[in-house]
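Q: I have a protein model on the screen and want to learn how to read it. Can we go through it feature by feature?

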Amino acid sequence: MDDMNKTAPHIDRRTLLLTGAAGLAAVMLPATASAEVADADAYILKTFGDRPIKDGKVTLTLPPIAENGNSVALKVSVDSPMTKRNHVKRIVIVSPRNPIAEIAEFKLGPRAGKAEVSTRIRMAGTQTIRAIAEMNDGSLWRGTASTVVTLAACIIG
């Protein structure tokens, strides 16, 4: 019995108080950090300036329900012949709710052959994702899609 008491860890009062204070501080931190729609709008303004963005030409596909926000399938296709005279220069994907509004940017050219990208993204919750395509003539086109996320990702804390 005496041998067991000699190997037991010793926790002094200072260590106990510091551990308690650290735990209290962790509980008081916000569980999530997320952007607002205004953050997404600001990112779009910073990226494309004040050029008009028209709806159309861009088809954004998301599942209607995503059980896990850590890996949501996303597909963007743009109606473009992808020739030297008429092609997509870049596709930008923006979230109004993730901690950082910019999700991805894809640069394309006429040699891509097809104006389509597919990827998986993390989503901080139910939201409407925006995809903006910039054409070689400078015009901007937008598509949106919404999904319901039952288990959110992008949680900080």
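Q: What share of the 157 residues in the protein chain is buried?
A: This is a predicted model, so read every value as computed from it. Buried residues make up 34% of the 157. The cut-off for buried is under 20% relative accessible area.

Q: And the surface: how much of the accessible surface belongs to carbon and sulfur atoms?
A: The accessible surface of the protein chain is about 10000 Å². Carbon and sulfur atoms hold 56% of that.

Q: What do the contacts say about separation in sequence?
A: Take the contacts between residues at least 6 apart in sequence. Of these, 68% join residues at least 24 apart.

Q: Where is confidence lowest, and where is it highest?
A: Start with the average. The protein chain has a mean pLDDT of 85, and 77% of the residues score at least 70. Helix α1 (residues 2-7) is lowest, with a mean of 56. Strand β2 (residues 58-61) is highest, at 98. Check residues 25-32 as well: there the pLDDT is below 50. That stretch has 6 contacts in the model beyond near neighbours in sequence.

Q: Now single residues. Is E134 buried or exposed?
A: Compare its relative accessibility with the cut-off. E134 counts as buried because its relative accessibility is 7%, and the limit is under 20%. E134 sits in strand β8 (residues 127-135).

Q: Which side chains make polar contacts with the side chain of E134?
A: Look for pairs of N or O atoms. The side chain of R51 is one partner, at 3.0 Å. The side chain of R90 is another, at 2.6 Å.

Q: Where is H87 found, and is it buried or exposed?
A: H87 lies in the loop between β4 (72-78) and β5 (88-94). H87 is buried, at a relative accessible area of 11%.

Q: What lies around H87?
A: Begin with the polar atoms. A polar atom of the H87 side chain is 3.0 Å from the backbone oxygen of T83. Then set aside neighbours within four places in sequence. H87 still contacts S80, M82, G109, P110, M135 and N136.

Terms used. Residues numbered from 1 in each chain as written. Predicted model: local features only at pLDDT ≥ 70, side-chain atom pairs only at ≥ 80, totals over all residues. Heavy atoms only, no water. Buried < 20%, exposed > 50% of the residue type's maximum accessible area, 1.4 Å probe, protein only. Contact = heavy atoms within 4.5 Å. Areas by Shrake-Rupley, 256 points an atom, 1.4 Å probe, with all protein chains shown as cover. Helix = DSSP H or I, 4+ residues; strand = E, 2+ residues; numbered from the N terminus. Polar contact = N/O pair within 3.5 Å; in protein donor to acceptor, adjacent residues only side chain to side chain. pLDDT = per-residue confidence, 0-100.
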